[in-house]
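Trainee: Hi! Could you walk me through this one while we both have it open?
Mentor: Happy to, let's get it on screen.

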Protein chains: 2
Amino acid sequence: MKFDVIKKDSNARAGLLETNRGAIHTPAFMPVGTVGTVKAMSPDELKEIGAEIVLCNTYHLYLRPGHEIVESLGGIHKFMNWDRPILTDSGGFQVFSLSALRKIEEDGVHFKSHLDGSMHFIGPKEAMEIQSSLGSDIAMVLDDCTPYPSSYEYAMNSLFRTIKWAEQCKALQREGQALFGIVQGSLYEALRKKSIEELVDIGFDGYAAGGLSVGEPKEEMHRLIYFTAPLLPSEKPRYLMGIGELGDVLKAVEAGFDMFDCVMPSRNARNGTLFTSRGKISIKREEFKSDRGPLDPDCDCYTCRNYSRGYLRHIFLSKEILSMRLNTIHNLFFYLNFFRNMRKSILESRFSEFKTQWQAIYS
Amino acid sequence: MKFDVIKKDSNARAGLLETNRGAIHTPAFMPVGTVGTVKAMSPDELKEIGAEIVLCNTYHLYLRPGHEIVESLGGIHKFMNWDRPILTDSGGFQVFSLSALRKIEEDGVHFKSHLDGSMHFIGPKEAMEIQSSLGSDIAMVLDDCTPYPSSYEYAMNSLFRTIKWAEQCKALQREGQALFGIVQGSLYEALRKKSIEELVDIGFDGYAAGGLSVGEPKEEMHRLIYFTAPLLPSEKPRYLMGIGELGDVLKAVEAGFDMFDCVMPSRNARNGTLFTSRGKISIKREEFKSDRGPLDPDCDCYTCRNYSRGYLRHIFLSKEILSMRLNTIHNLFFYLNFFRNMRKSILESRFSEFKTQWQAIYS
C-alpha cells in the first residue's frame, strides 16, 4: 500500500492511497457494508456512484456467517462480489456498542453475541486471524474503546491495553494486508499524545482516531479532532473512525484527516431523510405529494435523473424496497460527490471557501 | 394495438402483441408492480431480464397515492420510470380479496380501504376514469369476481352484472387505450360460454378469464382453463388472470392462453424460495452454508453469474435488502426465461415435449 499527499491547503490534505485492488482518492468516504453488503445497494451501483472502498464489520462477519465460511467462499471480496479495496474494523467497537454483555480482560474481551446470546472471546490474535481469513485490504488493530465519560486513570489503563494489543496485532500482520493503529485516550490530550507516540514507535501503515463520538459533547469531540490530527505522521493516511456528519467532516478534514466511515447517509436514506444541496429533507412530507421535481435539482444521481419527489414520497409511504434503494443511491452519491468536490477544493487551494459554504447548510 | 398469432402448435400459440410502447412476445409473463414498482426491482433490472410489460393494480394506486396524483406526475409510465407497456387491472379483484368490507350493488361496489378504513365506491365509470388517469396501455373492464363456491343462480346474477359493467366500460373506452373483457361464470361451463358470447358481442381488444384460482380444486380450475380458452376469439390475445404456477401455466398455454401475471415468483423470492431448473429450493437451508456454486448452474441471470449459494444464504438470514433484490432478479429471470423457451418450443413445434419435460419438475 502506498500513500502520497498530493496537495495541502493549510492542514487539509488531498491524497492518493494506492492498493493492489485500486486507488482511493482522499479525503475519502467509505460506505459501510456491515455484514458484507452496503444496505440496499448492489456492488455495481456502488461503483457507479464512485465508491472506491467499503468498510465491513469484523464483529458481524465473525458471528455470522463466520470468518471460516467467508474464507471458504473465496474471501470477503469474492463473497460479496466487490473487487475494490475493503477495510475491516477489528470488532472492538461493535463489542463495545452491540454485545449484551462484555468483560474486558488483559488478553482480550469476552462477549455475548447480540444474535443468539452465545459467548465468545476476541483478543489481538483472534482479531488478526479473523481479518486475515476475511482477507480485507486494510485491517485494524483490536482496541479497547474507552467509554465516555471515563476518569483519567481508567482511560490510561484502557489506553495501555490498547497499546499492548496494538503491539501484538502488529506482530501478527499478514503479508499483503495493511494494518492501521488506533489512537485512544478519551478526552485527555496527554493520553492522546502518549497514544500516538507509542503507536508510531510500533509503526503502522495508517493511523486512526477511535473513541470519539461516543457520547461526549460536540465541542469536546472537535477539540480532540483538531488536537489529534496534526500529531499523526503526515506521510500516512489518517482515519477518523465512525464520524460522518458533514459539519464534523469539514472540521476533521481541516484538521488533516483523510478517511471517514459512517452509516448515517445510508441509515437516514432508509428512514426517508435525504441530503440535498439545500439541506436535509424528509421525503414523507405532505408538500411533496404531487411534486414533479427531483429530490435535489443540483444532483446528477440515478434517483434524481429518473424520479420525482412525488413518486419517492409514494414508495416511501408504501414501504417499498425500491424506496430504500433509490434513497440510498441518492444519499451515498451525495456524500461521495461532496467528498470529490471537497478534494477538488483542496487541490485548488479553496478548501476554506468550500468549508464556509457547506457549513452554512450542514453545520 | 395489434395482435398476430405467429405459430400454432396444437392449441398452444406463439403470438406478437404490438403496442405504441413496444412489442410483447406471447406467451408472455407480466411481473406485478402493485403500487407502481415491481417489489425489489428497478425498471432497468426489469428490462435487463427481458420484461416486456408489467401489471399495476388500480385498487392500490387509486387508494394511494390516488390516480389524480399519478396523472399530475405525468401518468403511470413517467411516475414509475417504465416506458414499456403497462396493463392495469380494474380493481375488481382486489376489492374482492383485500378490502375489509364490500357491498356489491347493481351500479358498482362500495368498499372499505385496507389502508385507513375509509369508504369508497367504484363502478364501471370510476374504473375507466381511474385507468384513464393512470394512462395504462391496456385497461381491464370492471368485473364482479364470483367467489367460490357459488350456486348456479348466484353465479349467473353475478355474471350478468359483469356483462352489464363490461358494456358500460366499453362505452367509456379511451382513445389509444386497449380494453380487455373478463370472462366470469364460476365453475359452470354454460355460464362461461354465455359470458364469452356476450363479451364477444360487445367486442374487446382482448379477453381475460377471471374468477379462477379463488379456492376451487385444481382439477376444476384445469377443466375450466381447457374449456374456456378455445371458445375465446382466436385473433385476440387471451389472458388468464392471476395464475402463475408453472404446472398451471403449461396447461393454460396448451389450452391456448397467451398472457399471464402472478406475484408468486417475486413473493417467493422475498421469502427465500427460489426456482431452479431442478425444482424449487429454500436458500436458508443449512446445506448451502459454504456452497460456492450458483443458485442454478443452468441459469445466466445476474445473481447466478455473481453470487454463491453460501452468500445468498447469509444475506437472506441477515435479512438484507440485497437478498430480496438478488432473489427477485433470479426468480423473475427464471420465469421470463421459461416463457421465452416455451415460446421457442411452440415456434419449433415441440411444445408438447417442453411441457412433458417441465411438468416432471413443476407439476
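**Chain contacts, helices and salt bridges**

Mentor: Chain B and chain A bury about 3400 Å² between them, with 55% of it on carbon and sulfur atoms. Buried area here is the accessible area (1.4 Å probe) that two parts lose on being put together, summed over both.

Trainee: Before we go on, what kind of model is this?
Mentor: This is a predicted model: local features need pLDDT of at least 70, side-chain atom pairs count only at pLDDT 80 or more, and totals for chains, interfaces and linings use all residues. Residues are numbered from 1 along each chain as its sequence is written, chains are lettered from A and ligands numbered from 1 in the order in which they are written, and side-chain values use heavy atoms, leaving out hydrogens and water.

Trainee: OK, how many residues of chain B are in contact with chain A?
Mentor: 40 residues of chain B are in contact with 40 residues of chain A, where contact means heavy atoms within 4.5 Å.

Trainee: And how many salt bridges between chain B and chain A?
Mentor: The count is four, a salt bridge being a side-chain nitrogen of Lys or Arg within 4 Å of a carboxyl oxygen of Asp or Glu. One links B:R325 with A:E45, and their closest N and O atoms are 2.8 Å apart.

Trainee: What's the salt bridge count over all chains?
Mentor: That comes to 57. Among the pairs is A:D137 with A:R21, at 2.7 Å from N to O. This pair links distant parts of the chain, 116 residues apart: A:D137 is in the loop between α6 (124-134) and β10 (138-140) of chain A, and A:R21 is in the loop between β2 (12-19) and β3 (22-26) of chain A.

Trainee: Switching to helices: how do the axes of α10 and α15 of chain B cross?
Mentor: The axes of α10(B) (residues 246-255) and α15(B) (residues 351-359) come within 10 Å and cross at roughly 165°. Axes are lines fitted to C-alpha atoms, for helices over the stretch in contact, and angles run from 0 to 180 degrees between N-to-C directions. Helices are DSSP runs (H or I, at least four residues) and strands too (E, at least two), numbered from the N terminus.

Trainee: Which residues meet there?
Mentor: B:G247, B:L250, B:K251, B:V253 and B:E254 in α10(B) meet B:F351, B:F354, B:K355, B:W358 and B:Q359 in α15(B).

Trainee: What about α8 and α9 of chain A?
Mentor: The axes of α8(A) (residues 189-202) and α9(A) (residues 218-228) come within 11 Å and cross at roughly 35°. A:E189, A:R192, A:K193 and A:I196 in α8(A) meet A:R223, A:L224, A:F227 and A:T228 in α9(A).
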